[in-house]
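Please look over the sequence and the structure shown below before reading on.

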Amino acid sequence: MKSLIATTIAAVLSATVAFAAEPGKTAPDFTGKTVKDEDASLSSLKGKVVVLEWVNYECPFVKKHYSSGNIPKLQETYTGKGVVWITVNSSAEGKQGYLEPAKLAERSAKEGNKASHIVLDSAGTIGKAYGAKVTPHLFIINKDGVLAYNGAIDSKATTTAEDIETAEKLFANALDAVLDGKEVANAKNQPYGCGVKY
Amino acid sequence: MRIRIDQGWHIYWSNPGEGGMKTSFDWKIPAGWKAEGPALPAPAHFLAAGLGSFGYEGTVLFPLRLTPPEDFTGTAELSMTVCWLACNEDACIPGETSATLKLTNGRPSETAEAAAIREAWKTTPGPAPEGLTLEVKQDAKQLVCKLRGADGVPGLSGATAFPVTPQVVDSSKVMRFEQSADGWTARIGRSSYASSPAASLTLVVVPAGGGRPFEITWPEKSH
C-alpha cells in the first residue's frame, strides 16, 4: 500500500512540474544552501549565464562523466568563461547519492568537481521546480534568466567512458550558442541517467 | 541468451523509456556465418518515482538464429557480449558478460533447451497480421492510435502496446487498445521530448489472452 501511494504522489508531482522548465520560458527561481553553508539563489545571479547540473556520484552514468574528467573539464572551461555552474544533489536523505554537506563537499573534491557551487537539495524542491529527472541532467539559464537548455549532456546514452569522445556534445554545443548570443539548436532533449532519488 | 535478473531489479528494452539504458548485444562470428537477433521479447513496464521505463525482470530469454555458410565443415566459434544496466528503486549497476558457442558439423538434433527456445520465439514480436493497419492522429497533447482491418485477430480488445520508436509517446503509462466504432483505439500522451509531431511510430502490440506479440508501423511500410 505504501509504495502505491508513494508512486501515485510522485506521478502527480511529476505531472505538475512536467512543463515547469521549458526552454524559452523564465527559469524557475530557487534558493538553496551550498555545501559551504552559503545561500545560493537564481535571483542573485541576474546577468550571469547559469548551468544547473544534477548529480548522484553513485550513478554509473555520472561516474562515466566524472571518472573520465569530462564534467570537471566542462566545469573548469565554462566557469573560466564567466558561467556560474551549480552542481545540485537532490537525493533525499537515506536514498542513493545523498551525502550530508561536509561529505558532499569532500566527495565532490575527490571527484574533481570544479563547479562554482554545490547545492544540497535533499527536499527535492529545486529538482522538482526544474523537473530534474535523471543524473546527469543539465539546464542552462541565459543572462536574462530565460531557460535556454534542458537535456542530456551528450548523445550516447551509455555508461562507457569511451563513448564520450564520439558523442554529439549536446550540452556543450548549447552552452557555446548561449555564450555566443546565438539560438540554441537543440534546446530540449531527453537526458539519460539514473532517476533522481527524491 | 538467457539472463537471470535478481529479484527487485530490471534491465531495459531497446527503447528503455526514461532513465535506464538499452540492453545491447555485440556479435563476433566467423566469415560466411549469418546471425539473426537476438530478438527482444515484448517488454514489461516499470514505474519508479514517476519515470516510466520498459524492460525485463526475472528470467528473460533472447532467442537468436545462426546460419552457417553452405560449405561449412569443422568447428566454428561464435561469441557474443551483452551489456546491460540493472536498476532497482535505489540504484543502477551496469554489467556485461560474454558467451561463446562452439559449433561443429553434424546431424541435426535438438538440445535440452530446444523447447524453451521455441517458447522464447513466441514472446518476441512477429510481423503484423495480414490486413491490419495502424493509423496515428496527433495533437499537441496526445496521440490517438487506431488499429483497423482485422476482424479475425483475437485479443485486440485490451491489447497493450509498447513504443519501439523512442521519445514519441509518454512512457509513464502503458498504451491499451479498446474496441471502438471503426476498429481498436489507444490514446497516449505525447512524450515531453517530442519537439514536433512524429513522422512515424512503431509499436509492439501484445494481444490480450496470450497470443504472440506483433510489430506494426505507421505509416505502413511500402514493399
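What is the torsion about the S-S bond of B:Cys87 and B:Cys92, and which hand does the disulfide have? The torsion is about 110°, so this disulfide is right-handed. The model is a predicted one, and every value in this report is to be read with that in mind.

## The disulfide of chain B and other cysteines

In chain B, a disulfide joins B:Cys87 to B:Cys92, with a distance of 2.1 Å from sulfur to sulfur, and both of these cysteines are buried. A disulfide is a covalent bond between the sulfur atoms of two cysteines.

B:Cys83 presents another case, because its sulfur lies 14 Å from the closest cysteine sulfur, that of B:Cys87, which is too far for a bond. B:Cys83 is partly exposed, its relative accessible area being 25%, whereas B:Cys145 counts as buried, with a relative accessibility of 0%.

## The disulfide of chain A

Over all chains the count of disulfides comes to two. In chain A, the sulfur atoms of A:Cys59 and A:Cys194 are 2.1 Å apart and form a disulfide, and this link is right-handed, with 85° about the S-S bond. The pair links distant parts of the chain, since the two cysteines are 135 residues apart: A:Cys59 sits in the loop between strand S3 (50-54) and helix H2 (60-67) of chain A, while A:Cys194 belongs to strand S9 (residues 194-195) of chain A.

A:Cys59 is buried, with a relative accessible area of 0%, and A:Cys194, at 0% relative accessibility, counts as buried too.

## A glycine in a loop of chain A

A:Gly131 is found in the loop that runs between helix H5 (125-130) and strand S6 (134-135) of chain A. Is A:Gly131 buried or exposed? With a relative accessible area of 15%, A:Gly131 is buried. From C-alpha to C-alpha, A:Gly131 and A:Val196 are 10.0 Å apart in space, although 65 residues separate them in sequence.

## A three-stranded sheet in chain B

Three strands of chain B form an open sheet, in the order S2-S6-S5, and their pairing is antiparallel. Strand S2 (11-17) and strand S5 (44-48) of chain B stand at the edges and have a single partner strand each, so one side of each is left without a neighbour in the sheet. From one strand to the next, the twist averages 45°.

S5(B) pairs with strand S6 (residues 51-56) of chain B in the antiparallel sense, over five bridges. Within this part of the chain, B:Ala48 has B:Leu51 of S6(B) as its bridge partner.

## The helix of chain B

Chain B has one helix and 19 strands. Which residues of helix H1 (residues 114-123) of chain B are buried? They are B:Ala114, B:Ala120 and B:Trp121. These residues cover an arc of only 115° around the axis, which puts them on the same side of H1(B). The buried residues of H1(B) pack against strand S7 (59-61) and strand S8 (65-67) of chain B.

## Chain B as a whole

Taken along the principal axes, the C-alpha atoms of chain B fill a box of roughly 60 × 45 × 30 Å. Of the 223 residues in chain B, 43% are buried, and the accessible surface of the chain comes to about 11900 Å², with 51% of that surface belonging to carbon and sulfur atoms. Among the contacts in chain B with a separation of 6 or more, 66% are between residues 24 or more positions apart.

Note on methods: Residues numbered from 1 in each chain as written. Chains lettered and ligands numbered in written order. Predicted model: local features only at pLDDT ≥ 70, side-chain atom pairs only at ≥ 80, totals over all residues. Heavy atoms only, no water. Pairing = 2+ DSSP bridges. Helix = DSSP H or I, 4+ residues; strand = E, 2+ residues; numbered from the N terminus. Axes fitted to C-alpha atoms, helices over the stretch in contact; angles between N-to-C directions. Buried < 20%, exposed > 50% of the residue type's maximum accessible area, 1.4 Å probe, protein only. Arc of directions from axis to C-beta. Contact = heavy atoms within 4.5 Å. Disulfide = S-S within 2.5 Å. Areas by Shrake-Rupley, 256 points an atom, 1.4 Å probe, with all protein chains shown as cover.
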